[in-house]
Amino acid sequence: MAASASKRTEHIGTAASGADDGDVQGGCYGIQVLVAGRRKHWRDEVSAEIRRAGYSATTVDCAVDALTILALGLPMDVLVTDAELLGDLRCARLAVEARVLRPNLGIVFANDLEDADITDRVPDALVIPPGAQDGVLAVTVREALQARI
């Protein structure tokens, strides 16, 4: 009886993570993706693709809110940020500050990067060019998850 309960728990834990391979696993809440973007339509599209991939998505419309979530210690595995994020804390600075708070956080930039040297400051960040095909975001999030392990 104990062995079957153990197998059941192991199976539930794998399914809850939303990962389709054994190498990428989140915590007890599964894979958590923080989506930071100025435009609601963009955030909605990105979070829908994240959810279709089996991950959980939390969306914010500014970098300050994204950093607040990270500073509060909420479980996040990957940050997907729009290059069009405005304000004093733009996407480049958000990525640098997020990495200070969470050294193991996967970071994905979407759209055109204005700040060309961001890849120097966050060398392991992944970039999705504008106009990328459907499914590219989910694949890139998986790559960011695998790179942080």
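Leaving aside its neighbours within four places in sequence, which residues is Q32 in contact with? I will answer that in a moment, after a word on what we are looking at. This is a predicted model, in which local features need pLDDT of at least 70 and side-chain atom pairs count only at pLDDT 80 or more, while totals for chains, interfaces and linings use all residues. Residues are numbered from 1 along each chain as its sequence is written, and side-chain values use heavy atoms, with hydrogens and water left out.

Now to Q32, which lies in strand β1. With neighbours up to four places away set aside, Q32 is in contact with S56, P75, M76, D77 and V78, where contact means heavy atoms within 4.5 Å. The relative accessible area of Q32 is 10%, so it counts as buried; buried means under 20% relative accessible area, exposed over 50%, and partly exposed in between, with a 1.4 Å probe and protein chains only.

Stepping back to the whole protein, we have 6 helices and 5 strands, and along the sequence they follow the pattern α-β-α-β-α-β-α-β-α-β-α. These elements are DSSP runs numbered from the N terminus, helices being H or I with at least four residues and strands being E with at least two. Of the 149 residues, 42% count as buried, and of the contacts with a separation of 6 or more, 64% are between residues 24 or more positions apart.

The strands form an open sheet of 5, in the order β2-β1-β3-β4-β5, with parallel pairing; two strands pair if DSSP finds at least two bridges between them. At the edges stand β2 (56-60) and β5, each with a single partner strand, so one side of each has no neighbour in the sheet. From one strand to the next, the twist averages 20°.

Within that sheet, β3 and β4 pair in the parallel sense over 5 bridges, and V80 has V108 in β4 as its bridge partner, while L79 stands opposite I107 in β4. Because 5 of the 5 residues of β4 are buried, this strand is largely enclosed by the rest of the structure. G106, V108 and A110 point one way from β4, whereas I107 and F109 point the other way.

Finally, let me turn to helix α6 (residues 136-147), whose buried residues are L137, A138, T140, V141, A144 and L145. They cover an arc of only 160° around the axis, which means that they sit on the same side of α6; the arc is that of the directions from the helix axis to the C-beta atoms. These buried residues pack against β1 (32-36), α2 (40-52), β3 (78-82), β4 (106-110) and β5 (126-128).

Notes
Axes are lines fitted to C-alpha atoms, for helices over the stretch in contact, and angles run from 0 to 180 degrees between N-to-C directions.
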